[in-house]
Amino acid sequence: MASNRHLGRIIALQTLYEVEFRGESGDSDVNLAEVLARNISRYQKAVDDKDFIERLVNGVTKEETKLDDVLRPIAPEWPIEQIARMDRVVLRIGLYELLYEKDVPPKVVINEAVELAKSFGGDNSSKFINGVLGTVLRQHESSDNEPKTTKKGTSHEKAKTDSGD
């Protein structure tokens, strides 16, 4: 199934890249569902987890603005609009998986994104992707380890102590 998911990520990458390219080129007839169905059908004998591909493509598309908002402060010297389209799509897929696909270990997500960048990106794409997604993972892990705060800004542990619990 692992290699099948790798192929699924490639199909998602092809679909998202094509839709973005055609949309930015002024093709008003581009239809995400049609492009996705065509790309999946090309590999129908090798793909058995179509739901995964559809979740990736539809999730990245739905959450694109949020994903870009997470990416912007991590690489401020590289505005999202100026990142090579292939790298931008790989970053969005990787970030979506890190944030929303909890059944895939984070290091696997980053490794898969790096492999996509090596296969389809430029000479330095894999290092860039690895650095950005690694930073996201470290920030996400460190925020998970911090005490959760209440509306008043105090930690739950402190609030429990203060209330006598």
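Me: What should I know before I start?

Reply: This is a predicted model: local features need pLDDT of at least 70, side-chain atom pairs count only at pLDDT 80 or more, and totals for chains, interfaces and linings use all residues. Residues are numbered from 1 along each chain as its sequence is written, and side-chain values use heavy atoms, leaving out hydrogens and water.

Me: How many helices and strands are there in the protein?

Reply: Helices (H or I, at least four residues) and strands (E, at least two) are DSSP runs, numbered from the N terminus. Here there are eight helices and zero strands. Along the sequence the pattern reads α-α-α-α-α-α-α-α.

Me: What percentage of the residues is buried?

Reply: Buried means under 20% relative accessible area, exposed over 50%, and partly exposed in between (1.4 Å probe, protein chains only). Of the 165 residues in the protein, 40% are buried.

Me: And how much accessible surface does the protein have?

Reply: Such areas come from the Shrake-Rupley method with a 1.4 Å probe; for residues, only the protein chains shown count as cover. The total for the protein is about 9800 Å². Carbon and sulfur atoms hold 50% of that surface.

Me: What share of the contacts joins residues 24 or more positions apart?

Reply: Contact means heavy atoms within 4.5 Å. Take the contacts in the protein with a separation of 6 or more: residues 24 or more positions apart account for 67% of them.

Me: Now the helix pairs. At what angle do H3 and H5 pack?

Reply: Two packed helices are described by the angle between their axes and the distance between the axes. Axes are lines fitted to C-alpha atoms, for helices over the stretch in contact, and angles run from 0 to 180 degrees between N-to-C directions. Helix H3 (residues 50–62) and helix H5 (residues 85–100) pack at about 105°, with axes 10 Å apart. H3 is therefore roughly perpendicular to H5. The cut-offs are these: under 35 degrees is roughly parallel, over 145 roughly antiparallel, 65 to 115 roughly perpendicular, and the rest oblique.

Me: Which residues make that contact of H3 with H5?

Reply: H3 supplies Phe52, Arg55, Leu56, Gly59 and Val60. H5 supplies Arg92, Ile93, Tyr96 and Glu97. By class, five are nonpolar, one is polar and three are charged. Ala, Val, Leu, Ile, Met, Phe, Trp, Tyr, Cys and Pro count as nonpolar, Asp, Glu, Lys and Arg as charged, and the others, Gly among them, as polar.

Me: How does H2 pack with H3?

Reply: Helix H2 (residues 32–42) meets H3 at an angle of about 150°, and the axes are 11 Å apart. So H2 is roughly antiparallel to H3. The crossing of H2 past H3 is right-handed. A crossing is left-handed if the near helix is turned anticlockwise from the far one by less than a right angle, and right-handed if clockwise. From H2 come Leu32, Leu36 and Ile40; from H3 come Lys50, Ile53, Glu54, Val57, Asn58 and Thr61. These divide into five nonpolar, two polar and two charged residues.

Me: And how does H5 pack with H6?

Reply: H5 and helix H6 (residues 106–120) pack at about 165°, with axes 9 Å apart. So H5 is roughly antiparallel to H6. H5, too, passes H6 in a right-handed crossing. Among the residues in contact are Met86 and Val90 of H5, and Pro106 and Phe120 of H6. The contact has nine nonpolar, one polar and one charged residues.

Me: Let us zoom in on single residues. Is Arg9 buried or exposed?

Reply: Arg9 is in helix H1. Arg9 is buried, at a relative accessible area of 3%. Leaving aside neighbours within four places in sequence, Arg9 contacts Phe52, Leu56, Ile93, Glu97, Val104, Glu112 and Leu116.

Me: What about Leu67: buried or exposed?

Reply: Leu67 sits in helix H4 (residues 64–71). Leu67 is buried, with a relative accessible area of 1%. Not counting residues up to four places away in sequence, Leu67 touches Val60, Arg92, Leu95, Tyr96, Leu99 and Tyr100. Leu67 and Leu99 are 32 residues apart along the chain, yet their C-alpha atoms are separated by 9.2 Å.

Me: Last one. Where does Trp78 lie?

Reply: Trp78 lies in the loop between H4 and H5. Trp78 counts as partly exposed, at 44% relative accessibility. Beyond residues up to four places away in sequence, Trp78 touches Ile83 and Phe128.
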